[in-house]
Structure formats: C-alpha cells, structure tokens
Amino acid sequence: MKNSPRKHNSRSPQAERARDLLATHGMMRTGELAAEGIAATIISRMLSEGTVQRLSRGLYQLADAEIDSNHDLAEAAKRVPKGVVCLTSALAYHGLTDQMPRKVWMAIGLKDWPPAEHGPRLRIVRMSDKLLRSDSETHMIENVSVPMFTITRTLVDCFRHRKSVGLNVAVEALREALRLRRTTPAAIAECARSRGAWSLMAPYLEVLTIDG
C-alpha cells in the first residue's frame, strides 16, 4: 500500500512556528510571515482549520487571541505601517472624549498611498513628513506597536482640524486634559506655537486656565 503524500497540518513545525510568531506579535502581515519562512500554504491550512483568522486582506491573527477594546487601532497600525493614530481616535484612547469614532483616524504622509478598504474603516489625514514624524509615542495594543501622537500634540491638532473633529470636541478635550493634569498649559502653548495653532487656542487656554 502506497503512503499518502505528506500534508502540512496545524502541528507541523512551520505551523507551530507561525503560532509562536502570531502569539508574540499579535497580528502579522503575509510579507512578515513569509520573511520568517512561513509558507502561504501553511497559513491557508491554518485558516481552514480555524487556528488562524484573517482580519483583513493579508493580515492574520490567532483565532483564540485575546481581543483588546482598542483592537481596531492595532489593526489599523498594521495596515498602515507608516501611519500615526491621531485626532479623535487618539483622544478616545487617552480617555479625553466621550466620542466613539466610527473610523480610525490615521495621519499619513502627503504622498503615501492609503490602504484599500479592508478591515476597520479609516479616516485619513495627510501631513508633511516633519509633522508626521514629531510628537509621537508608541503604545502596545495586542502586542502590536501602535504609533500615536502625544496628548499635547493631539489637542493642538484637534484645534487645527476643528472643522473635521468639531470645535466642541476639541474644547472639551482641552478642558479634560487640563483637569486631569495630563499635560500643562506651558507644553500646550509651546506645541501650539510651533504648529501654527496658538492664535486659535490661546483664548480657550486662557479661560480654562483661569477657571482651573
């Protein structure tokens, strides 16, 4: 009797390697898995067996992974590797607004291509490379490094983009950040001056500082 051809399965060395990688990194793109020596056939079989789930085109996560309340931010960061979470999405993450954005706000470069519409819906904001690469920090969500603008920078950007965000949202976020001492008036003033938003923010900052 002839032996049947050997097939990859979820217990093969490559599959175990894939599981370890996904457990460590939270979610990975096809290219990242391939760079680690994981064949596409392995991922396909793990998908069919229910070991892995496809989050969006070319992005995978373990089916039994623990999902964070900020999952969409992590997925967006993987889909837009050069992007930075900004505006209302950053405010919500920092607990400075009651707004629940239906889309993930992501800042990208002036010439960067936005991703195709797969996975969480995105609200793209274009910025110069200088603005995009300053005042950001990294937060770990589901083991994914998520670039996000700092609280101070986010407040300033919300005033600069007040027509999109809503002036009331920007003012309330500023009030809450000062109340909770998540930043200082001096830091806000410095950032606002360097980002061309001081004339917009100065009256509100003065009133809120006096009220505080």
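Q: Which residues touch the most other members in the largest nonpolar core?
A: A nonpolar core is a set of buried Ala, Val, Leu, Ile, Met, Phe, Trp, Tyr and Cys residues joined through side-chain atoms within 4.5 Å; buried means under 20% relative accessible area, exposed over 50%, and partly exposed in between (1.4 Å probe, protein chains only). Here the largest such core has 33 residues, and L155 and L174 touch the most other members. The elements giving two or more residues to this core include β5 (104–109), α7 (151–160) and α9 (167–179), and α9 gives the most, with 7 residues. Helices (H or I, at least four residues) and strands (E, at least two) are DSSP runs, numbered from the N terminus.
A: This is a predicted model, in which local features need pLDDT of at least 70 and side-chain atom pairs count only at pLDDT 80 or more, while totals for chains, interfaces and linings use all residues. Residues are numbered from 1 along each chain as its sequence is written, and side-chain values use heavy atoms, with hydrogens and water left out.

Q: With which residues is L155 in contact, leaving aside its neighbours within four places in sequence?
A: Contact means heavy atoms within 4.5 Å. On that basis L155 is in contact with L91, A173, L174, A177, T183, I188 and M201. Apart from this core lies another core, of 18 residues, among them V80, A90, V104 and M148.

Q: How do the axes of α7 and α9 cross?
A: Axes are lines fitted to C-alpha atoms, for helices over the stretch in contact, and angles run from 0 to 180 degrees between N-to-C directions. Angles under 35 degrees count as roughly parallel, over 145 as roughly antiparallel, 65 to 115 as roughly perpendicular and the rest as oblique. The axes of α7 and α9 cross at roughly 155 degrees and come within 9 Å; the two helices are therefore roughly antiparallel to each other.

Q: Which residues of α7 and α9 meet?
A: From α7, I151, L155, C158 and F159 meet L167, A170, V171, A173, L174 and A177 of α9. Ala, Val, Leu, Ile, Met, Phe, Trp, Tyr, Cys and Pro count as nonpolar, Asp, Glu, Lys and Arg as charged, and the others, Gly among them, as polar. The residues of this contact divide into 10 nonpolar, no polar and no charged.

Q: At what angle do α1 and α3 pack?
A: Helix α1 (residues 13–25) and helix α3 (residues 40–49) pack at about 75 degrees, their axes 10 Å apart, and are therefore roughly perpendicular to each other. In α1, Q14, A15, A18 and R19 meet I42, I43 and M46 in α3. This contact divides into 5 nonpolar residues, 1 polar and 1 charged.

Q: Is K78 buried or exposed?
A: K78 has its place in helix α4 and counts as buried because its relative accessibility is 12%. Helix α4 (residues 71–79) is mostly covered, with 8 of its 9 residues buried. Not counting residues up to four places away in sequence, K78 touches M27, M28, R29, E32, L59 and V144.

Q: Is K163 buried or exposed?
A: K163, in helix α8 (residues 162–165), counts as exposed, at 83% relative accessibility.

Q: What is the phi of L87?
A: L87 has a positive phi of about 45 degrees although it is not a glycine. L87 lies in helix α5 and is buried, with a relative accessible area of 0%.
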